[in-house]
Amino acid sequence: MVADKGKKPKIGEKIVEENAEQIDGELVLSIEKLQEVQDELEKINEEASDKVLEVEQKYNEVRKPVYDKRSDIIKSIPDFWLTAFLSHPVLSDLLSEEDQKIFKHLTSLEVEDCKDVKLGYSISFNFSPNPYFEDTKLTKTFTFLDEGTTKITATSIKWKEGMGVPNGVAHDHHDHKKKGNKRCHEEDSFFCWFSGTQQKDVMDEIHDEVAEIIREDLWTNPLTYFNNEADEEDGDEGDEEENGTDDSEEDDEDQEDDDEDEGN
Amino acid sequence: MVADKGKKPKVGVKIEEEGAEQIDGELVLSIEKLQEVQDELEKINEEASDKVLEVEQKYNVVRKPVYDKRSEIIKSIPDFWLTAFLSHPALSDLLFEEDQKIFKHLTSLEVEDFKDVKSGYSITFHFSPNPYFEDTKLIKTMTFLDDGTTKITATPIKWKEGMGLPNGVAHEKNGKKRSHEEDSFFSWFSETQSKDDVEDVHDSIAELIKEDLWVNPLTYFNNDADEEDFGDEDDEEDIGTDDSEEN
């Protein structure tokens, strides 16, 4: 970084070069200092991220028993998740006729973050014994890898004989090479989405919207959606204090059915 | 919420109705309990959000003096922000020829969250006296309102005579210029939004500046420096050791 005065000067350039190298020297020093500051900032940012993660992990633990309690209550509401799915503006499009029949056997839904929140999460669909497949639990798992990609795995569905084809998911039980995205597109049906395990690359900005909606929207407050449908079907029970007090935008429709028109 | 047994029965429907209403009664009870649980969850979620905000507020306070120190160092690097802007894949497209000339007068950039972090932030561009406008400080502010919309305001630029037009920014009109065909820095800067606006425009440029450029401008500056053949001084240990993907 010492100004090199031994360069072969060209006509008119010598002085400029010497000055330039002196300036370059100071410049380099400044940039070094700047790099140190950036390193310092990076440490601070990592610490902040860790603290935020800690908070999220702590509250995940607080939420778990409440979600478990909720699961029990939901068991006494027939077709709860099916209704909630069908009332969700985006998710309803996902359920084909066949899917809806299968969903009559859906007993519960579970969304669970990995203990280390930033590693990923899973969505589990629990089914009662049914004529469609052997499994009673279908789980789709999202693992966030270090390089920014997301690894997706899903239970291989053990379809019963003759089942699965209408969903566009080939029922070739013997060919285990055909996994994941078969000939169907993920938006075609629930089971096409479920079985789609193509790795998502954060850089491509392709992410699993359905999974995100289920996790961040439906799972967080399914009652809002369930209520919408319940109200549309004739909500005469007069529960205006319970229905529609939720702060979701969906609730604006609820007010129309209430006897007391609060006029949100 | 008492099951109403006085409904007028229709032919063949009566028994079903009575059964249905009993079930409805239990159902309604379950839904009420469910609503209570949702309320409980909501409280927990609000508490979690508040705690996260607290962390972010605390670290903003820790970061501030470091950013100030950085600002000072940057002052001794000529055209730092201009270079960083031009080296950023998305932001470079924003600077037209005229903008680049104006940016030669840009002395510093500052991004600052509101104290409570969740209400918004501002981006401030400091300029030395220049032939383009009177202002030495141009601030663009994003305010996150309770209803979920974003209010966007920006310093009305006091253009000097004959200046401003080439950027597609008429020097009389304030804000609300949605001339996206000609996105230049100053047309972006002067775009404002009030809560009455029908369309809630998402300001991705502002976000890039705040979350990308401001966080580590050196990565971008270094790229440009490397390309220009800057690295003859044998400082390989410092330039390019940053962990950004650009490197």
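At 48% relative accessibility, B:Lys104 counts as partly exposed. Its side chain meets that of B:Asp79 in a salt bridge, with 2.8 Å from N to O. B:Asp79 is likewise in the partly exposed class, at 27% relative accessibility. B:Asp79 sits in the loop between H1 and helix H2 (80-87) of chain B, and B:Lys104 in the loop between helix H3 (97-103) and strand E1 (106-113) of chain B, so the pair ties together parts that are 25 residues apart in sequence. The model is a predicted one, and side-chain atom pairs are counted only at pLDDT 80 or more.

A second pair in chain B also links distant parts of the chain. Here B:Lys158 forms a salt bridge with B:Asp135, and the closest N and O atoms are 3.4 Å apart. B:Lys158 belongs to the loop between strand E4 (150-154) and helix H4 (185-190) of chain B, whereas B:Asp135 belongs to the loop between strand E2 (120-127) and strand E3 (137-144) of chain B; the two are 23 residues apart. B:Asp135 has a relative accessible area of 8%. Because the cut-off for buried is under 20%, B:Asp135 is classed as buried.

A third pair stays inside one element. B:Asp68 and B:Lys64 are both part of helix H1 (residues 14-75) of chain B, four residues apart, about one turn of the helix. Their side chains meet in a salt bridge of 3.0 Å, N to O. B:Asp68 is partly exposed, with a relative accessible area of 39%, and B:Lys64 is partly exposed too, at 35%.

In chain A, salt bridges join A:Asp113, A:Arg215 and A:Glu216 in a network. Over all chains the count comes to 17 salt bridges. Side chains of opposite charge can pair when their charged atoms come close.

Helix H1 of chain B spans residues 14-75, and a record also covers part of this range. The unreviewed UniProt entry annotates residues 27-58 of chain B as "coiled-coil region". In the model, residues 27-58 of chain B are 100% helix and 0% strand, with the end C-alpha atoms 46 Å apart.

The domain assignment of chain B gives domain 1 (28-76) and domain 2 (78-164 + 184-226). Taken over C-alpha atoms, the centres of domain 1 of chain B and domain 2 of chain B are separated by 25 Å. Between them, 10 residues of domain 1 of chain B are in contact with 13 residues of domain 2 of chain B. The size of an interface is often given as the accessible area lost when the parts come together. For domain 1 of chain B and domain 2 of chain B, the buried area is about 1000 Å², 56% of it on carbon and sulfur atoms. The count of salt bridges between domain 1 of chain B and domain 2 of chain B is zero.

Confidence in chain A remains to be considered. The mean pLDDT of chain A is 79, and 67% of its residues reach 70 or more.

Technical notes: Residues are numbered from 1 along each chain as its sequence is written. Chains are lettered from A and ligands numbered from 1 in the order in which they are written. Side-chain values use heavy atoms; hydrogens and water are left out. A salt bridge is a side-chain nitrogen of Lys or Arg within 4 Å of a carboxyl oxygen of Asp or Glu. Buried means under 20% relative accessible area, exposed over 50%, partly exposed in between (1.4 Å probe, protein chains only). UniProt positions are given in the numbering used here, feature names are shortened, and annotations may be inferred rather than shown by experiment. pLDDT is the predictor's confidence in each residue, from 0 to 100. Domain bounds come from an automatic or database domain assignment. Contact means heavy atoms within 4.5 Å. Buried area is the accessible area (1.4 Å probe) that two parts lose on being put together, summed over both.
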